[in-house]
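This report goes through one structure, taking its ligand sites, charged pairs and surface in turn.

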Amino acid sequence: MNALKTLNPYFWKHKLMLFWGLLFIVASNFFNIYKVQFIGKSVDEISKNLLGGINKTVLINVAIIIVSSILTGFFTFMMRQTIIVSSRRIEYELKNKIYNQYQSLSFSEYKKTTIGDLMNRLSEDVVAVRMYLGPGVMYVFNLAILVIITAVYMLKTNASMMLWTLIPLPILSFAIYKISSIINRKSKIVQKSQSAISTFVQDSFSGIRVIKFFAKENYIEKNYGQKVADYQKKALDLASVEAYFYTIILFVIGLLNVAILYIGGEKYIAGELKVGAIVDFFMYINILIWPFSMVGWVTSVNQRAEASMQRINEFLDKKSEIQNHNLDNYAIKGEIEFRNVSYTYPNTGIKAINNLSFVVKAGESLAIMGKTGSGKTTIALLLCRLIDPSEGQILVDGKNLKDHNLGLYREAIGYIPQESFLFSDTIANNIGFASEQPDLEKIISYAKKADVHKNIIHFKDQYNTMVGERGVMLSGGQKQRICIARAFIKEPKILLFDDALSALDTETEENILQNISSELSKKTSIIISHRLSSTKYADKILNLNEVQKN
Ligand SMILES: Nc1ncnc2c1ncn2[C@@H]1O[C@H](COP(=O)(O)OP(=O)(O)OP(=O)(O)O)[C@@H](O)[C@H]1O
Ligand SMILES: [Mg+2]
């Protein structure tokens, strides 16, 4: 259980609560077992005194049994309140840690893993680990304590009966462990099949327009039917194994009851045992059977947690290639130089930038042109330091970009990506994304600069209109302009348009360029485009088709 050792500090943090939890386990088990002897005693008392009816001893026994049962219930509740609650807290801490790691990972790391895979770390894997933290720990301790307490009482009643009843129980644990492992394996297969259905459905919902254009409804429906049939087959397969779970438990209960009746009966006839003692053994077995089964289940749960924790650890151990070593506070002027920069994408080996050099002075405007695939977006990623050059260096204000305070630098850069991305939120919040508390007046003034205000006021909820899945459908150009406003509102020193005017008609493009031309003169701006019209206000033009010979 090596991977799970990483959880020890978390256990340690919640040691007090877990310690109380263990005490509650002892208490709840003690009262649960303690009451049993009074059941046997009452049976003996009543059978001794059949005609006398219920006497005082029996009444006292009944009272003890009731109070013990209430205490058992109370301590079981407290046990769950401490142990399960701690496991939930640790889950929360772990989830936050994983989420922070997501955010700190570098751009190229995201390219290596799929979103589904990343999501699984946060959902499935953390849940598997929590099962170890909570039920896993709880049931193991519970069983250990229960067996010790019960063994003492059984031993007091009859030693050989104790052996007869205790020996089959570990075999039950083992059988349940085997079955749980098969169930786990098959559940995974069912889950996979289920997520294949969800992905398919999601895909066909988002692509519903395309499906309708191409009149492919029947094909999609047939495909869906196949996926559901596959799921059904796997789910039935799982159900057939699950059916054994309780069957085995019930079978063992039955077997043990027969054994107690037979052995106890013989001992009773031989005069070694009272009826009450036999009744006690029936009770003990019924109390023990469940925890023994659970331990089998927990063992397989813990194995799963181990595998999940290993995946989480691997993920948490990843170090982002983009590290920030500078925490100074200073002003960035905005001079940019590419000095013999090359970049090769590590996953594909494609050399997107080859020995590129250029200089943009602070306040200057550079237009970068080039045909599709010539490395324009790669330049933008390099400039935002989402990736670092494979060779050569990028200098900002004469200093290597790697030596700048990354947070400060990113604050100073306004990036409008090629593919407009908006969050499922209101338009106002999307535009004000960069500021902590965006005020509407400011948002409106920047929306005007990005030439999108006139569209927004036509929506029913204006700036409170929701965009994204359940909101309005924005046109490509509207989205682009909202992204432009979002970058403008930061008042960045460096503006970076990655083909951000491409979805706009030339008139809108001209409007925006005019609106910002006075600002552009105060900022360093890099306008990536494949349209000559966007380069009108630029001081210099860099044509990648000429300078890049790959
Ligand atoms: N994440 C990536 N992983 C691997 N290769 C990539 C990646 N992104 C881009 N490339 C490759 O790098 C080259 C340059 O891509 P880039 O996106 O920079 O081109 P672009 O000039 O922006 O093109 P477009 O005008 O179509 O936006 C292309 O050959 C592309 O296939
Ligand atoms: Mg591009």
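The sections below describe the ligand surroundings, the salt bridges and a surface patch of this predicted model.

**Ligand sites**

The magnesium ion (ligand 2) is coordinated by two side-chain atoms, OG1 of Thr377 and OE1 of Gln418, at 1.9 to 2.2 Å. These residues come from distant parts of the chain: Thr377 belongs to helix H12 (residues 376–383), whereas Gln418 sits in the loop between strand S6 (413–416) and helix H14 (427–431), 41 residues apart. Thr377 is partly exposed, with a relative accessible area of 28%, and Gln418 is partly exposed at 35%.

Ligand 1 has 15 residues around it, and Thr377 and Gln418 are among those that come nearest, together with Thr372, Lys376 and Thr378. Helix H12 provides the largest share of this shell, three residues. Several polar atoms face the ligand. An oxygen atom of ligand 1 lies 2.6 Å from a polar side-chain atom of Thr372, and a backbone N or O atom of Gly375 is 3.0 Å from an oxygen atom of the ligand. A nitrogen atom of ligand 1 is 3.3 Å from a side-chain N or O atom of Thr348. On its own, ligand 1 has 630 Å² of accessible area, of which the protein covers 73%.

**Salt bridges**

Side chains of opposite charge can pair when their charged atoms come close.

| Salt bridge | Closest N and O atoms |
|---|---|
| Arg311 and Asp125 | 2.8 Å |
| Lys186 and Asp237 | 2.9 Å |
| Glu337 and Arg339 | 3.1 Å |

Arg311 is in helix H11 (residues 275–317) and Asp125 in helix H6 (residues 115–157), so their pairing ties together parts that are 186 residues apart in sequence. Arg311 is partly exposed, with a relative accessible area of 29%, while Asp125 is buried at 2%.

The pair of Lys186, in helix H8 (residues 168–206), and Asp237, in helix H10 (residues 217–269), also links distant parts of the chain, 51 residues apart. Lys186 counts as buried at 18% relative accessibility, and Asp237 is partly exposed at 35%.

Arg339 is partly exposed at 38%. Elsewhere, salt bridges that share partners join Arg88, Glu91, Lys95 and Arg130 into one network.

**Surface patch**

Leu16, Phe19, Trp20 and Leu23 form a nonpolar patch on the surface, together having about 440 Å² of accessible area. Leu23 lies in helix H2 (residues 15–34) and is partly exposed, with a relative accessible area of 39%.

Note on methods:
Residues are numbered from 1 along each chain as its sequence is written. Chains are lettered from A and ligands numbered from 1 in the order in which they are written. This is a predicted model: local features need pLDDT of at least 70, side-chain atom pairs count only at pLDDT 80 or more; totals for chains, interfaces and linings use all residues. Side-chain values use heavy atoms; hydrogens and water are left out. Donors are N, O and S atoms within 2.8 Å of the metal (3.2 Å for Na, K and Ca); water is not among the atoms, so sites may look incomplete. Helices (H or I, at least four residues) and strands (E, at least two) are DSSP runs, numbered from the N terminus. Buried means under 20% relative accessible area, exposed over 50%, partly exposed in between (1.4 Å probe, protein chains only). Patches are made of residues with over 30% relative accessible area and no salt bridge: like charges are joined within 9 Å, nonpolar side chains (Val, Leu, Ile, Met, Phe, Trp, Tyr) within 5 Å. Accessible areas come from the Shrake-Rupley method with a 1.4 Å probe; for residues, only the protein chains shown count as cover. A salt bridge is a side-chain nitrogen of Lys or Arg within 4 Å of a carboxyl oxygen of Asp or Glu. A residue is near a molecule or strand if one of its heavy atoms lies within 4 Å of it. A polar contact is a pair of N or O atoms within 3.5 Å; within protein, one must be able to donate a hydrogen and the other to accept it, and residues adjacent in sequence count only if both atoms are side-chain atoms.
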